[in-house]
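Trainee: I would like to learn how to read a few structural features. Please take them one at a time.

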Amino acid sequence: MSEACWSCGKGNDQLVNMLGNPRGPKDGDAALCFWCYEFSVVDGDTIRKPTDLELFSILADPRANEIIEEAKRIKAQLN
């Protein structure tokens, strides 16, 4: 199982702990790295770099920027 972000290499323990959970992410779902704010895609029991088409689809969703900004706000509060 890949627990590290494809971009920065940091662990994504919270997401990976949810993989396989019926209430957790499903194949094809987008996941955001809390450290570098890059998106990954859930693929079975791992997370991977999105294809160009997947990334285009993720970033075309108006919620993508909201999610990134909220993650940045939360991270700033923790520092």
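Mentor: Start with accessibility: a residue is buried under 20% relative accessible area, exposed over 50%, and partly exposed in between (1.4 Å probe, protein chains only). Trp-35, with a relative accessible area of 43%, is therefore partly exposed. This is a predicted model, in which local features need pLDDT of at least 70 and side-chain atom pairs count only at pLDDT 80 or more, while totals for chains, interfaces and linings use all residues. Residues are numbered from 1 along each chain as its sequence is written, and side-chain values use heavy atoms, with hydrogens and water left out.

Trainee: How many aromatic pairs are there?

Mentor: Rings of Phe, Tyr and Trp (its six-membered ring) pair if their centres lie within 6.5 Å; planes under 30 degrees apart are stacked, over 60 edge-to-face, and the rest tilted. The count by this rule is one aromatic pair. Phe-34 and Trp-35 have ring centres 5.9 Å apart and planes at 80 degrees, so they are edge-to-face. Phe-34 is partly exposed, at 28% relative accessibility.

Trainee: Which residue lies over the face of Trp-35?

Mentor: A charge sits over a ring if NZ of Lys or CZ of Arg is within 6 Å of the ring centre and within 35 degrees of the ring normal. Over the face of Trp-35 lies Lys-10, 5.2 Å from the ring centre. Phe-34 has Lys-75 over its face, at 5.9 Å from the ring centre.

Trainee: Which residues make up the largest nonpolar core?

Mentor: In soluble globular proteins, nonpolar side chains tend to be buried together. A nonpolar core is a set of buried Ala, Val, Leu, Ile, Met, Phe, Trp, Tyr and Cys residues joined through side-chain atoms within 4.5 Å. Here the largest has seven residues: Tyr-37, Phe-39, Val-41, Ile-58, Ala-64, Ile-68 and Ala-71.

Trainee: Which residues are linked in a network of salt bridges?

Mentor: A salt bridge is a side-chain nitrogen of Lys or Arg within 4 Å of a carboxyl oxygen of Asp or Glu. The network links Asp-43, Arg-48 and Glu-54. Between Asp-43 and Arg-48 the closest N and O atoms are 2.9 Å apart, and Glu-54 meets Arg-48 at 2.8 Å, N to O. Arg-48 is partly exposed, with a relative accessible area of 27%.
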